[in-house]
Amino acid sequence: DLTKINYSIDILNNLKDYIISTTIKSYRNLNNHLLLPGIINDNQRKDILDIFKSTFNHDSNLFGLFYDLSNQLDDETIHPFIIKPDINSSIISSGSSRDWPNNRGLFYNKSNNQLIYINHEDHLNYSITNNSLDILSLYQIYNNFNIQSSKLLKSKHSIDYLYSLSLGHITTCPSNLGTGMRVIILLNLKSFHSLTSDISNLLHKICLLYHLNFKHVIDSQFELSNKTTLGITEIQIIKNLIDGILNITKFDQLLANKISIVDIELELFPNSNSPTSVTKSDDLTNQLSIKVNNNVSNEIKVPTSPKASSNSQKISASNSPAPKPLSAGPINASKPMNTGKGYQSMKGGKIKIHIDELKFPGDEH
């Protein structure tokens, strides 16, 4: 529902000097067909290619013209868009590029810079680009493609895209699970020509807040993209990106006005408890780890005896005596010492603790 993205036109227009391009990508695979890194042969890849050719060829206005990479690699029309597998890329190491470019294809729609790669990383890799932040119009084209392609695959071949209720769209790379949508925005940030540690840390804090990746491309050009695709909606991904861009471009303006990094952080994060120190991911991870460990230690359930593992005794860390330390006396290495559902054993001079069952509060599985 695009109505949930309620930014004024003036706000988005103010960003036009910063935006070089916006790209939306999607990753899809066909149900009941092996993924490309699997033990898939050339005939199976040909079956996948033929399915998409027969599905998309009837509507060149929507999907574009088809180019067979097996024999059209030198076609100047698509030459700039041909992605040859890099020897150091995960596409080669995973096996997705096996027998490349046999049975690989490309649909190219010149009118709206739309590309559809067949048998590249996934069965279908879709990409659409424009040279502005007109991300809402771009998303409508993107969304229409997904809807129409799904309907045509279903009506012509009785095939759906591979989808899980818990994981969303199943993709070759786990980082694309869920929505399978990646939005990439290329920014021109002139004040970031020198990325000091303070600037990098504050950028990291902004990206951490909005689940974004930030990468320096060249000179004053930077790439911003969504880090999360699982457990989040497509609309929320777009909102996070726009909010992130608004903060980063404001950061750039403040730097241009020679504002100190401390005052910039106060401006961007007025409710921050420690404006002089930017929270790094490692610090945040440690804080979360301590919080989780404290919550777990407050209340855990352990079996009362080996015979009654289903009955558990609740132990509270706040009112229970401290646990007894392991015995420092001699241990018979050939005979484990039973301690309820767990036991200790000794091998090679080392004590090992084996736990067969540990239940946490609220864990019913």
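Q: Leaving aside neighbours within four places in sequence, which residues is Arg 28 in contact with?
A: Contact means heavy atoms within 4.5 Å. By that criterion, and with neighbours within four places in sequence left aside, Arg 28 touches Asp 122, His 123, Leu 124, Tyr 142, Asn 146, Tyr 161, His 169, Thr 179, Gly 180 and Glu 234. The model is a predicted one, in which local features need pLDDT of at least 70 and side-chain atom pairs count only at pLDDT 80 or more, while totals for chains, interfaces and linings use all residues. Residues are numbered from 1 along each chain as its sequence is written, and side-chain values use heavy atoms, with hydrogens and water left out.

Q: Where does Arg 28 lie, and is Arg 28 buried or exposed?
A: Buried means under 20% relative accessible area, exposed over 50%, and partly exposed in between (1.4 Å probe, protein chains only). Arg 28 belongs to strand E1 (residues 19-28) and is buried, because its relative accessibility is 3%. Arg 28 and Thr 171, 143 residues apart in sequence, have C-alpha atoms 6.4 Å apart in space. For the chain of 365 residues, the buried share is 39%.

Q: How many helices and strands does the chain have?
A: Helices (H or I, at least four residues) and strands (E, at least two) are DSSP runs, numbered from the N terminus. The chain contains nine helices and 15 strands. Of the contacts between residues at least 6 apart in sequence, 66% join residues at least 24 apart.

Q: What is the strand order of the open sheet of eight strands?
A: Two strands pair if DSSP finds at least two bridges between them. The order is E2-E3-E4-E5-E1-E8-E10-E9, and the pairing is antiparallel. Strand E2 (65-68) and strand E9 (212-218) are the edges, each pairing on one side only. On average, neighbouring strands of this sheet are turned by 20° against each other, direction ignored.

Q: How many bridges join E9 and E10, and which residue in the turn has a positive phi?
A: E9 pairs with strand E10 (residues 221-226) in the antiparallel sense over six bridges. Asn 213 stands opposite Ser 225, and Ile 218 stands opposite Gln 221. The two strands form a hairpin with two residues between them, and Asp 219 in the turn has a positive phi of about 50°.

Q: At what angle do helices H6 and H8 pack?
A: Axes are lines fitted to C-alpha atoms, for helices over the stretch in contact, and angles run from 0 to 180 degrees between N-to-C directions. Helix H6 (residues 197-210) and helix H8 (residues 261-268) pack at about 10°, with axes 11 Å apart. H6 contributes Asp 198, Ile 199, Leu 202, Lys 205 and Ile 206 to the contact, and H8 contributes Ile 261, Ile 264, Glu 265 and Leu 268.

Q: What kind of aromatic pair do Phe 66 and Phe 107 form?
A: Rings of Phe, Tyr and Trp (its six-membered ring) pair if their centres lie within 6.5 Å; planes under 30 degrees apart count as stacked, over 60 as edge-to-face and the rest as tilted. The whole structure holds 12 aromatic pairs. Phe 66 and Phe 107 form a tilted one, 5.0 Å centre to centre with 50° between the planes. Phe 66 in strand E2 and Phe 107 in strand E3 are 41 residues apart. Phe 66 is buried at 19% relative accessible area, and Phe 107 is buried at 0%.
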